[in-house]
Amino acid sequence: MTVVGVLITTLWLSLIIGARYLLVAGGVWRVTWGTSKGIGTRLNRERPSKRLMLHEIKFSLLSTPIYACPAAVALEAWKAGGTQLYLDPAAYPLWWLPLSFLLLLIVQDAHYYWTHRLLHDRRIFAWAHAAHHRARDPSPFASFAFDPAEAALTAWLLPVLTFLIPLNIWMLAVMLTVMTAAAVMNHCGWEMWPDRWVRGRVGSHLITATHHSRHHTHMKTNYGLYFRWWDRACGTDAMPEVRK
């Protein structure tokens, strides 16, 4: 592993991450705010402005190399045999694939909950998390609109885990796809899932746009990423009342 190799890998990963973000966020914007009817139930009071979306895109693209660099270190270390990443799904028992996927979701969710609460501390909010809360009603492009400090706090987790536990590269790709889709959908200003599912037996444990939208309107609640477990355990869980 060399510094030049890490820099080159950081560059092409930044391009991939940035393109993925623009395609997914742009696609979700198209099917929600880009049509006359949208999809599901509208949550935002106001339509996202062009100025707001440009702000969100700017900070998202500024965050891409910060996310790409730790990932580049992990990839270059993998090429040198220094991580526990593996390509062949059969290299470990197949049951490890879904189990490791769930494990990553749980670890990432816990890390994000406590990091997110820290970012809302008034002593650091203005320079560490304010970019994400530019507007009460975000757009799909807000999904990765982070201050550099926030990006640095969250970018290292998955790369570090590749040194600690066996992780299949294709499983990681699926996990990153789920992460991107969830982040964009939860910031799009529309609830795409039926309300009966969101508040039902399964959905009531998961974070959807309805749950996360309330975080943007009431910033002292709903800090989780995928699951509502930490919010419930710590007394920060809240859901809007059912619309009649």
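I began with the term for burial: a residue is buried at under 20% relative accessible area, exposed at over 50%, and partly exposed in between, with a 1.4 Å probe and protein chains only. The model is predicted, so I kept in mind that local features need pLDDT of at least 70 and side-chain atom pairs count only at pLDDT 80 or more, while totals for chains, interfaces and linings use all residues. Residues are numbered from 1 along each chain as its sequence is written, and side-chain values use heavy atoms, with hydrogens and water left out.

Entry one, aromatic rings. I looked up Tyr-21 and found it buried, with a relative accessible area of 3%; Phe-141, at 9% relative accessibility, counts as buried too. Rings of Phe, Tyr and Trp (its six-membered ring) pair if their centres lie within 6.5 Å, with planes under 30 degrees apart called stacked, over 60 edge-to-face and the rest tilted. The structure holds 14 aromatic pairs. In one of them, Tyr-21 and Phe-141 have ring centres 6.2 Å apart and planes at 75°, so I noted the pair as edge-to-face. Tyr-21, Tyr-67, Phe-141, Phe-144 and Phe-146 form one aromatic cluster.

Entry two, Thr-208. I found Thr-208 buried, at 4% relative accessibility. Its side chain makes a polar contact with the side chain of Glu-191 at 2.8 Å; such a contact is a pair of N or O atoms within 3.5 Å, and within protein one must be able to donate a hydrogen and the other to accept it, while residues adjacent in sequence count only if both atoms are side-chain atoms.
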